[in-house]
Amino acid sequence: MNMKYVICAIALGTLNMMAQDDKKEESTLLGVVASSIKGDSEKKVNTLDVYLDTKYENLTKFSGEGTSDSKFRLVQSRVYLKGNYNNKLTYSLRYRLNESVSSNALEFAFLEYNIDDHWTVGMGKQFTAWGSTELSYNSADLYMFTNIIGSIELFSPGASVAYKVKGQSFKLQMVSQGEQFASEAYKNKAYGGLFLWEGELFKKHLKTRYGYALFQHDAKKYYSWVTIGNRLTFNNFMAEVDWMYGFRNLKDAAFTDLNTTTAGVAYVKDNVTTASIKYKFNKVTPYVKVMYNYRNDLDNHVSYALKGISTAIEYNPFSEKAFKDLRLYAAYNFLNYDYKNYKEAKSDKNEHQIAVGVRWMVPLFKL
């Protein structure tokens with residue numbers, strides 16, 4: 001554990017050197033917008049908002065072998081609560097209504113306390129402090145998923161401390177990690193440490209989410225992750241580029257379905273790059289995303305590359321407050337699996353996906 005404590009001490013020392021600025025910028029912390037605190041003269045605010053977070057669609061998947069799926073489905077149905085008390089205490093909770101495993105239904109529930117204009121501490125089941133832009137999104141707002149977001153631990157019980165200055169946010173988080181990182185002998189006593197920098201540069205045109213994480217596997221072994229995200233905006237144009245690289249234990253059907261020697265969980269390395277662009281024309285927003293995933297099964301020395309392209313059209317028909325977050329969409333995804341290093345050659349696998357649906361954050365209650 002010594003390496004983790006050294007990293008935390010260095011990062012905290014760096015933050016203390018920056019405690020010169022009294023200006024508090026509004027910043028986004030792991031997908032939750034934190035309220036700005038700009039001094040005692042600003043009016044105190046107490047709020048409570050409750051939403052029904054929903055997504056419904058018709059999804060069709062097909063390849064050269066025919067159609068594998070074609071159905072209407074409820075993608076997401078979640079109750080989301082967020083509140084603020086006296087500009088000091090914020091609380092957030094999200095509960096998944098369509099989750100069959102009860103222990104996974106509560107996605108997050110945490111408190112954050114603003115000590116002053118710069119420092120915030122938090123505790124509870126939180127967003128895991130990954131970098132990258134993709135991992136900061138609500139999954140219902142994405143149409144194509146990388147290997148990472150589809151399987152990484154996005155929510156973790158733990159505690160955090162954040163320092164904000166000049167539009168920058170620096171966050172340290174300690175979590176009790178799950179089965180993807182800890183060995184069987186350490187699954188109830190291993191910790192993970194994460195550092196996240198969320199930055200605003202060049203008059204807020206460039207926003208960054210840079211993260212580093214270190215997870216204890218056993219007494220001698222640690223798993224590390226680097227997650228880097230950049231978001232560039234000019235008026236109605238936005239472009240994002242991400243890179244994610246790290247190690248974990250995982251069961252991947254793309255390996256096991258091909259009869260490798262992997263019996264369940266394997267030690268894998270992920271190397272993922274994504275890029276996307278969108279432009280908002282009044283109520284219509286076209287969107288394009290490309291991704292490249294390379295996953296190695298380090299136990300069995302086999303791997304595959306997953307390449308994909310996604311195109312979508314989003315339409316927001318209403319501007320009224322109650323309906324402004326209602327969005328209609330149509331999306332097309334193309335995925336290609338390129339298998340590598342197998343003793344017997346494996347042919348590529350292509351898949352096409354077409355989705356048409358509606359996304360709506362329904363406001364249920366506001367105080």
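Here's a quick tour of the structure shown above. It's a predicted model, so local features need a pLDDT of at least 70, side-chain atom pairs count only at pLDDT 80 or more, and totals for chains, interfaces and linings use all residues. Residues are numbered from 1 along each chain as its sequence is written, and side-chain values use heavy atoms, with hydrogens and water left out.

**The whole chain**

- The protein chain has 3 helices and 18 strands; these are DSSP runs numbered from the N terminus, with helices being H or I of at least four residues and strands being E of at least two.
- Of its 367 residues, 47% count as buried (buried means under 20% relative accessible area, exposed over 50%, and partly exposed in between, with a 1.4 Å probe and protein chains only).
- Take the contacts (heavy atoms within 4.5 Å) between residues at least 6 apart in sequence: 59% of them join residues at least 24 apart.
- The chain exposes about 18,700 Å², and carbon and sulfur atoms supply 58% of that (accessible areas come from the Shrake-Rupley method with a 1.4 Å probe; for residues, only the protein chains shown count as cover).

**Nonpolar cores**

- In soluble globular proteins, nonpolar side chains tend to be buried together.
- A nonpolar core here is a set of buried Ala, Val, Leu, Ile, Met, Phe, Trp, Tyr and Cys residues joined through side-chain atoms within 4.5 Å.
- The largest one has 19 residues, and Trp130, Phe215 and Trp225 have the most contacts inside it.
- Strand 10 (191-201), strand 11 (206-216), strand 12 (222-234), strand 13 (237-250) and strand 14 (266-279) each give this core at least two residues.
- Another core, of 14 residues, lies apart from it, and includes Val268, Met291, Leu335 and Tyr339.

- Valine 50 sits in strand 3 (residues 47-63) and is buried, at 15% relative accessible area.
- Among the residues valine 50 touches are Val79, Leu81, Val362 and Phe365; leucine 81 is 31 residues away in sequence, but 4.5 Å away in space, C-alpha to C-alpha.
- Glutamate 198 belongs to strand 10 and is buried too, with a relative accessible area of 8%.
- The side chains of glutamate 198 and arginine 209 make a polar contact of 2.4 Å (a pair of N or O atoms within 3.5 Å; within protein, one must be able to donate a hydrogen and the other to accept it, and residues adjacent in sequence count only if both atoms are side-chain atoms).
- Alanine 182, in the loop between strand 9 (168-176) and strand 10, counts as buried at 7% relative accessibility.
- Alanine 182 touches residues including Gln177, Ala190 and His217, and its C-alpha is 8.4 Å from that of asparagine 249, 67 residues apart along the chain.

**Two loop residues with positive phi**

- Serine 132 isn't a glycine, yet its phi is positive, about 80 degrees.
- You'll find serine 132 in the loop between strand 7 (119-127) and strand 8 (155-165), buried at 0% relative accessible area.
- Lysine 203 isn't a glycine either, and has a positive phi of about 55 degrees.
- Lysine 203 lies in the loop between strand 10 and strand 11 and counts as exposed, at 79% relative accessibility.

**One more stop**

- Tyrosine 315 is in strand 16 (residues 302-315), and its 35% relative accessibility makes it partly exposed.

Conventions
Lists of a residue's contacts leave out its neighbours within four places in sequence.
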